[in-house]
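Please keep the sequence and the three-dimensional view at hand while reading.

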Amino acid sequence: MASSKNLATNNHLCHVESMARLPSGAGRIPELNAVILGESLASEENDLVFPTDHFSKQALISSPQKYLEMYKRSIQDPAAFWSDIASNFYWKNKWDQQQVYSHNLDVTKGDISIQWFKGGITNICYNCLDANIQSGNGDKIALYWEGNEPGVDGSLTYTQLLHRVCQLANFLKDNGIQKGDTVIIYLPMIMELPITMLACARIGALHSVVFAGYSAESLHQRVMDCRPKIVITCNAVMRGKKIIDLKNIVDDALSESSQNGTSVDLCLTFENESAMNKEATKWQKGRDIWWQDVVPKYSTTCDVEWVDAEDPLFLLYTSGSTGKPKGVLHTTGGYMIYTATTFKYAFDYKDSDIYWCTADCGWITGHSYVTYGPLLNGATVVLYEGVPNYPDAGRCWEIVDKYKVTIFYTAPTLVRSLMRDGNEYVTRYSRKSLRVLGSVGEPINPSAWRWFFNVVGDSRCPISDTWWQTETGGFMITPLPGAWPQKPGSATFPFFGVQPVIVDEKGNEIDGECSGYLCVKSSWPGAFRTLYGDHERYETTYFKAFPGYYFSGDGCSRDKDGYHWLTGRVDDVINVSGHRIGTAEVESALVSHPHCAEAAVVGVEHEVKGQGIYAFVTLVDGVPYSEDLRKSLVLVVRNQIGAFAAPDRIHWAPSLPKTRSGKIMRRILRKIASRQLDELGDISTLADPSVVDQLIALTDS
């Protein structure tokens with residue numbers, strides 16, 4: 001008789017084995033509109049897009065059978081599967097072969113813990129740079145950098161990048177930064193951003209990159225939480241025609257932190273001449289140092305700090321439903337192996353590829369798939385400082401042609417925005433170098449998928465529509481180009497070692513075609529290990545709802561063929577342009593306005609951003625509604641969180657729909673915001689049902 005564990009595994013495998021039942025050629029599926037790469041894709045919802053034989057033959061994973069063979073091994077013997085892959089990287093000392101991993105995901109059985117390759121001694125910077133140079137890639141371009149203004153650019157080979165990293169690492173060591181210390185990085189997309197990340201990793205310091213678009217208040221919160229020894233920034237950046245004074249933001253954040261008992265004694269500032277010169281930059285003597293004045297003087301060699309696989313690598317703060325940002329902590333060994341492996345297979349990476357991911361390093365995508373994953377594979381990476389529609393909506397494709405980009409990875413928000421600008425901005429450029437496209441940050445709607453496929457990719461480039469999160473470290477559900485047919489808008493099947501399950505409200509796994517809550521059972525190497533300084537919140541947020549599983553916070557459907565379709569957040573987090581923003585965070589900012597008595601924020605569908613922020617605001621008694629006040633409320637959110645969190649709509653609310661216990665009925669607010677007034681449902685449980693009619697009456701005011 002099979003053990004319960006084997007039964008569970010077999011039960012899970014049937015969901016991926018269903019793909020093997022799909023015929024391998026087009027035209028043999030009467031109920032589906034099947035096309036092959038190279039044919040234009042129609043608008044039917046049941047399209048299947050098959051890779052060509054030519055693409056599949058040269059793909060790393062060339063068939064469903066090859067995938068299933070590897071996937072089964074990764075689930076049935078994860079220790080051997082991941083050990084074999086990890087052995088291709090440099091380890092000063094190997095991990096305990098008898099216990100490659102250990103985990104407990106069940107809060108009822110003790111503390112949640114995940115460990116991979118414990119006892120293995122390595123360094124991710126060494127594997128990104130030194131190991132590639134030793135294998136003969138020293139003269140290969142590691143980074144191409146494209147400035148905000150066309151014609152402003154730069155590049156670094158792997159050897160040059162190592163030299164720059166070592167100089168900064170030596171500066172940090174000389175200023176007392178050592179293993180276990182935290183460094184906050186508040187830089188735009190210039191080459192110094194990945195250089196700083198790698199320099200921290202080289203000496204065993206944790207980096208915490210804060211998106212250079214966050215407000216002083218958001219930066220202050222992160223400084224207070226992780227107490228860095230140093231903040232590294234630049235004076236300013238141009239995004240399109242707009243100048244952003246980053247140093248001013250840092251000054252305000254550090255001033256507020258100092259007043260609250262956390263002082264940062266060192267602020268290393270890079271002079272970004274194209275945006276602002278030294279003379280125009282505010283300066284605090286004794287604390288601020290110009291990068292160009294000190295870093296280039298240091299040696300271009302720096303000893304590696306060898307670390308345990310489970311030593312921390314970085315902190316990355318993400319929005320939470322409580323309003324306080326969560327410091328997601330990733331460790332070194334498992335994250336290194338997972339990001340390298342997911343990058344390699346999900347993009348079908350070849351040594352000749354030129355790779356461009358449009359994400360900022362302030363987000364997890366920039367960590368895993370701009371910096372670490374690509375460099376661990378010896379890839380050539382394009383960095384872009386500016387915005388995708390400057391000086392016009394053709395800039396992305398100009399960059400693709402300029403650098404002969406072969407793999408292009410971006411967000412559905414950008415796809416929808418460029419789609420709205422029209423095909424002519426795309427078709428005026430060749431784009432012949434492209435061979436694989438990718439999508440990240442949120443589910444991509446089928447119409448945007450088709451436009452991306454037909455127009456950008458000329459109906460010949462498979463799309464890796466990836467589902468993953470800050471917390472997962474790397475891709476969890478993703479197509480593998482060349483391996484199986486795609487369905488527009490579906491993330492398709494799980495990556496190696498990942499066991500996604502769909503559960504109902506009671507935590508029961510649902511088989512076959514279904515919808516429910518997306519969870520993951522068993523651990524994977526790239527998983528985060530805790531929330532910095534708050535393990536209890538880590539357990540409560542991710543593991544308490546469904547004991548024995550990691551709960552993603554996302555809803556998911558699985559169709560009859562086993563394909564996964566992400567349906568969005570099921571908690572109080574809004575996904576705006578791929579950025580997760582806690583509703584409580586926005587509500588807190590709104591309520592800080594002297595004229596706002598109460599606020600409730602919900603997400604609504606947005607044509608470009610995926611989700612928009614819709615805020616219901618109750619004003620202090622006696623304060624009249626006005627357009628100026630509306631603008632003032634939006635401004636307070638921009639100042640406290642950042643422009644990307646600004647509400648798209650302020651809806652005046654004399655009062656909010658609440659239950660008798662005082663709980664706001666967000667379900668009703670979502671329906672009003674979406675104008676689904678015939679779907680309000682039962683409102684009799686509200687303390688004052690008449691509130692709903694008042695809100696509807698103010699819909700267009």
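Strand 10 (residues 230-234) and strand 13 run parallel and are paired over four bridges. Helices (H or I, at least four residues) and strands (E, at least two) are DSSP runs, numbered from the N terminus, and two strands pair if DSSP finds at least two bridges between them. The model is predicted, so local features need pLDDT of at least 70 and side-chain atom pairs count only at pLDDT 80 or more, while totals for chains, interfaces and linings use all residues. Residues are numbered from 1 along each chain as its sequence is written, and side-chain values use heavy atoms, with hydrogens and water left out.

Strands of a sheet pair through backbone hydrogen bonds, either parallel or antiparallel.

Where do the side chains of strand 13 point? Cys267 and Thr269 point one way from strand 13 (residues 267-270), Leu268 and Phe270 point the other way, and all are buried. Buried means under 20% relative accessible area, exposed means over 50%, and partly exposed lies in between, as found with a 1.4 Å probe on protein chains only. In a regular strand the side chains alternate between the two faces of the sheet.

Strand 20 has partners in strand 18 and strand 21. Strand 18 (residues 354-357) runs parallel to strand 20 and is joined to it by three bridges, and Cys357 has Tyr409 as its bridge partner. Strand 20 (residues 407-410) and strand 21 (residues 436-439) are also parallel, with four bridges. Tyr409 has Gly438 of strand 21 as its bridge partner, and Thr410 stands opposite Ser439 in strand 21.

Asp458 lies in the loop between helix 17 (446-456) and strand 22. Asp458 counts as partly exposed because its relative accessibility is 27%. The C-alpha atoms of Asp458 and Arg435 are separated by 9.8 Å, although the two are 23 residues apart along the chain.

Another open sheet has four strands in the order 23-24-26-27, with antiparallel pairing. Its edge strands, strand 23 (500-503) and strand 27 (564-569), each pair on one side only. Neighbouring strands of this sheet are turned by 45° against each other on average, direction ignored. Strand 26 (residues 549-558) pairs with strand 27 in the antiparallel sense over five bridges, and Arg558 has His564 of strand 27 as its bridge partner.

How many disulfides does a search of the whole structure find? The search finds zero disulfides, a disulfide being a pair of cysteine sulfur atoms within 2.5 Å. The sulfur of Cys226 is too far away for a bond, because the closest cysteine sulfur, in Cys200, is 11 Å from it. Cys226 counts as buried, because its relative accessibility is 3%. Cys461 is also in no disulfide, with the nearest cysteine sulfur, that of Cys396, 15 Å away. At 0% relative accessibility, Cys461 counts as buried.

The structure holds five cavities of 30 Å³ or more. On a 1 Å grid over the protein atoms alone, a cavity is a set of points where a 1.4 Å probe fits but cannot get out, and lining residues have an atom within 4 Å of a point. The largest cavity has a volume of about 70 Å³, a volume being the space filled by probe spheres set on the points. Among its lining residues are Asn123, Cys200, Asp311 and Thr332. Helix 8 (192-203) and strand 16 (312-318) are the elements that give two or more residues to this lining.

Terms used: Axes fitted to C-alpha atoms, helices over the stretch in contact; angles between N-to-C directions. 1 Å grid on protein atoms, 1.4 Å probe; cavity = no way out; pocket = protein on both sides within 12 Å on 5 of 7 lines; lining within 4 Å.
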